[in-house]
Amino acid sequence: HEPNERAYHAFYQILAASEEEKAEIWGGLKGTDFNSFHYVGETDTLKIEGKTDGEKYSMTRDALAVVGVKDDRFKTLMRALCTVLQLGNVDFNTDPSDDEKCVVASEEELGKLSDIMGVDLDEVRSAVTTRTITAGREKYKVPLKADAARDSRNAFAKEIYQQIFDWLVRVINDATSADFNYGDAQDVEEFGIIGLLDIFGFESFKVNRYEQLCINYANEKLQQKYTVDIFRSVQEEYEFEGIELGEVAFADNADVLNLVEGKLGIIAVLNEECVRPNGNDSAFVSKVKSLNKESTCLIAERLHRPTEFAISHYAGKVKYDATHFVEKNTDNLPQDLIDCACRSTNELISTELKAAAEAKAAAPSTGRGRKKGGMTVGTKFRSQLTSLMHNLSTTRTRYIRCIKPNPEKVPEKMNLKTSNEQLLCAGVISAVKVTRSAFPNRLMHNTALERFRCLLPPEATLPDVDEAAAADGGTGLRPAVEAMLDDLLKKMEKKDAAGEVEKGYCCGKTRVYFRLGALEHLESERLAALGVLATEIEKIARGFTARSKFLKLKAAAISSQAFARGNLAKIHFLRAREAEITMACWVRCLFSGRELVRLRRKRAATMVQTCIRILLARAMFQKARRASTLIQKIVRGAVQRPKYRQMIKEAEDEARVNSKIAALQKRLAEAEMKWIQADKKRMEAEKKAEGMVPGVPAAAAAAPQAPAEEEKKDQQSDKALMDESAEMLEYLRKEVFQLRSKNYLLRNDLNQMKESYHSLQAHSASVEASYEALKQHTSYLSQQNKTLTFQSTREKKDFHEVKKALNASRFNYQSEMKKMEQDTNTKALLHKAEVSRLKSELAKERGCTVEELELDIPEQQQEEKKEGEGEAEKKKLSSITRAAFNRDSASFPSVMEGDEDEEGYSGEGYFQRGPRPYMRGGFQNRWGQQRQGWAGGYQQRQGWGGGYQQNRWGQQQQGYSGRGGYGSYSSYGGRGGD
């Protein structure tokens, strides 16, 4: 993958899951991230397809649940993946005492690995740091170096991940297989198969390793089949159409495959170098070059290093660096790690690796005494690829080539160089060369007839078409197509070397095939003919578009004018309403400021009381804790002193008994030495007695009697000593029995002391809990104080801003009122002028003067008319004012109304009755004492702090807010307090 891409998304998804889900999978995942595991590390890819790793984890979990992997089975799978992650954290260092050994760098990481695998810690340590070697019938434990231990660890992680992958593939196949999910599966002889094969992409980097060789080898194998399938499809198509196919040249990569998988190829030489005792990468490259020097695909340049060689693949030249080829080709997973995995409590790991080990052990020999399970990586890859190609040969293959248009992966951008490289590596160019070798272009008969019939002159005629044969896919259209193309491609006819005419096309049963340049000529002619018709179509379309655009502009202009007029009228109305709202807000802000000052004072008094109570409770708690500590010290001393004296006495007795036992042991040792010496003397005397001859004097025979008497005396003294020892041992037994009885009694006393200690400890814990509760309550009150201080500061700031806005609004309102007065005066003058004009016209019609006409109108009627106009103007202004006030009053919260308010917000009328209506019920009285005004019920009777300041803390029955006012029986107080 590219540098900004990543793989193994399952690891990132597990680590991005929620902490609760990670804890359910394994406790070691709690609090971990990408940097916690060496196999993962930090990544710049935070989203894939617009989703984070956490969202992808949920999608993966739900998808696995669909195929039956859920609950405990899902946890087992996730724990197996966590085992692979944890293996990467186990590192090794060289043993300081021996360079041939290694030690685990972190015991903590090894303990986590032991926990997730469910295997004993010592067994895991032995498996990762040593290797069992079998020599004949004997087995030896050989320590590993640090590098070898890391290689074994990585091989073990790869093996576990491979077995997990294979197991998941089997589970998905079983969940989607018709054999297990089809109701009548037993009645079906054989099911059809539709398989999808995601092939490797051809790889060529600056440094190409063993992995690139295997991938490119697989691409060569698949490219060979792809080329053969394309050539076969072209051949079958030409035979079906009845067209003779000449010699077609295509690139054959059989020599590259022979170089890789032949008897003397790269895989064979690499396998031989792996089994050789001193096999190395340089020798492998040298043998490959010497054994395949005749191959045209192997490139050996002088500037190559000893471990470098190049191969000319179908997609281009690739230079490989053979460093670590021998090591990577060897499948060296130690048996110790396999045995350790088989003992794991994770069923997936133990079952799958045990099955793999049994299959490896039961594999038949394949020559040279080696088993199939001991094959190298290259041999396994070749056998799997051969099996895959065999399965593909039994199916009908369809190919889908995916091309990435640009490395940046952005839309509407084509990078020609990278696209051509992908086409070349995918084999598309070679396939196109095969298909274009004889006739580059082809069309169906009906398509050719439809596209190019317009090029014929009007007087040209074509043969009749057999509709039935054409509908059945036969040759019904063939005569018409041949006649049309003979006329259109007359200029492209030429004679070959034999003198025969070679047309620019060849007509088959269902398709017509064009030679090089023929189809391009017809398409250019067709475009020229269509260009003339397109001009006429564009003329009509442009006229229609212009007319439509004009009608739309006309309708839009009318709508814009109407909208502008409406906006002007709306602006005048909104200005008048805003002035009314500003006046109402100013009045509310004035009274709200006074209430805020009162609430601040009450809050400050409450906080002072709270702090005093906290200080008293804290002092009482500290005094009680000091007293309890002193009592505990006195009680423990009184209990332990007698026991200490008794222990001193027992130690003295024990020392006295030990001294006696030591003296007895010394006397026993001396007696035993005397007995041994006497026994030796007796045996020497017996030997001398047996060796005497008949002529010896009697005095010589009587000589040994003296030692015998001494021996008898020694035996008597030994017997006495043994009796005394028996008595001493009996005495010691009694003493031991007494000491055991005392020990039992002391043990009972110790248990009683422990119970007393636990009870005191529980009491101390309860006292500490009470102190913590008081401390938390104090912290809560402090936080509330800070919050209220911040709110009051903010409200003060808002009040100043509102005051400034009010002053500005007052100025604007006065300006608007002046403008309205001027407009009213202007309208009155206009009205007066209009009345004069109407009077003059009426006087002309009646044939009299204006003065005579005015005399005819009664004075009372004129007065009533003037009064009616004045009252209408006043009613209009009053209705506007009342509507604005009612709208604003609706936005007041319900808490401002109170429980004791009898007439609501306006009292006896907020803007009614009298020149100063707002000074009636409510605003003119004392704040919070009336029963009718704006704040009715807000402070009267129990008030906002009813019960909280009068009673003791937590004993009031009416809560923090009392019954009337801010809220009855609030959750802060209630019965019993906080």
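**Salt bridges, strands and helices in a predicted model**

Lys145 is partly exposed, with a relative accessible area of 44%; here buried means under 20% relative accessible area, exposed means over 50%, and partly exposed lies in between (1.4 Å probe, protein chains only). The model is a predicted one, in which local features need pLDDT of at least 70 and side-chain atom pairs count only at pLDDT 80 or more, while totals for chains, interfaces and linings use all residues. Residues are numbered from 1 along each chain as its sequence is written, and side-chain values use heavy atoms, with hydrogens and water left out.

A salt bridge is a side-chain nitrogen of Lys or Arg within 4 Å of a carboxyl oxygen of Asp or Glu, and the structure holds 28 of them. In one of these, the side chain of Lys145 meets that of Glu100, at 3.6 Å from N to O. Glu100 belongs to strand β4 (residues 98-104) and Lys145 to the loop between β6 and α7 (146-176), so this pair ties together parts that are 45 residues apart in sequence. Helices and strands are DSSP runs numbered from the N terminus (helices: H or I, at least four residues; strands: E, at least two). Glu100 is also partly exposed, at 46% relative accessibility.

A second salt bridge joins the side chains of Arg125 and Glu107 at 2.6 Å, N to O. Arg125 sits in helix α6 (residues 121-129) and Glu107 in helix α5 (residues 107-117), so parts that are 18 residues apart in sequence are tied together. Both partners count as partly exposed, Arg125 at 25% relative accessibility and Glu107 at 41%.

Shared partners link salt bridges into one network of Arg209, Arg305, Glu308, Lys319 and Asp321.

The next element to meet is strand β8 (residues 308-313). Five of its six residues are buried, so β8 is largely enclosed by the rest of the structure. Strands count as paired if DSSP finds at least two bridges between them. Strand β7 (residues 298-299) pairs with β8 in the antiparallel sense over two bridges, and Leu298 stands opposite Ile311 in β8. Strand β9 (residues 316-321) also pairs with β8 in the antiparallel sense, over six bridges. The bridge partner of His313 is Gly316 in β9, and β8 and β9 form a hairpin with two residues between them.

Elsewhere, Ile133, Tyr140 and Val142 make a nonpolar surface patch of about 240 Å². Patches are made of residues with over 30% relative accessible area and no salt bridge, with like charges joined within 9 Å and nonpolar side chains (Val, Leu, Ile, Met, Phe, Trp, Tyr) within 5 Å. Areas come from the Shrake-Rupley method with a 1.4 Å probe, and for residues only the protein chains shown count as cover. Tyr140 lies in strand β6 (residues 138-143) and is partly exposed, with a relative accessible area of 42%.

Finally, the unreviewed UniProt entry annotates residues 654-686 as "coiled-coil region"; UniProt positions follow the numbering used here, feature names are shortened, and annotations may be inferred rather than shown by experiment. In the model, this span is 100% helix and 0% strand, with its end C-alpha atoms 48 Å apart.
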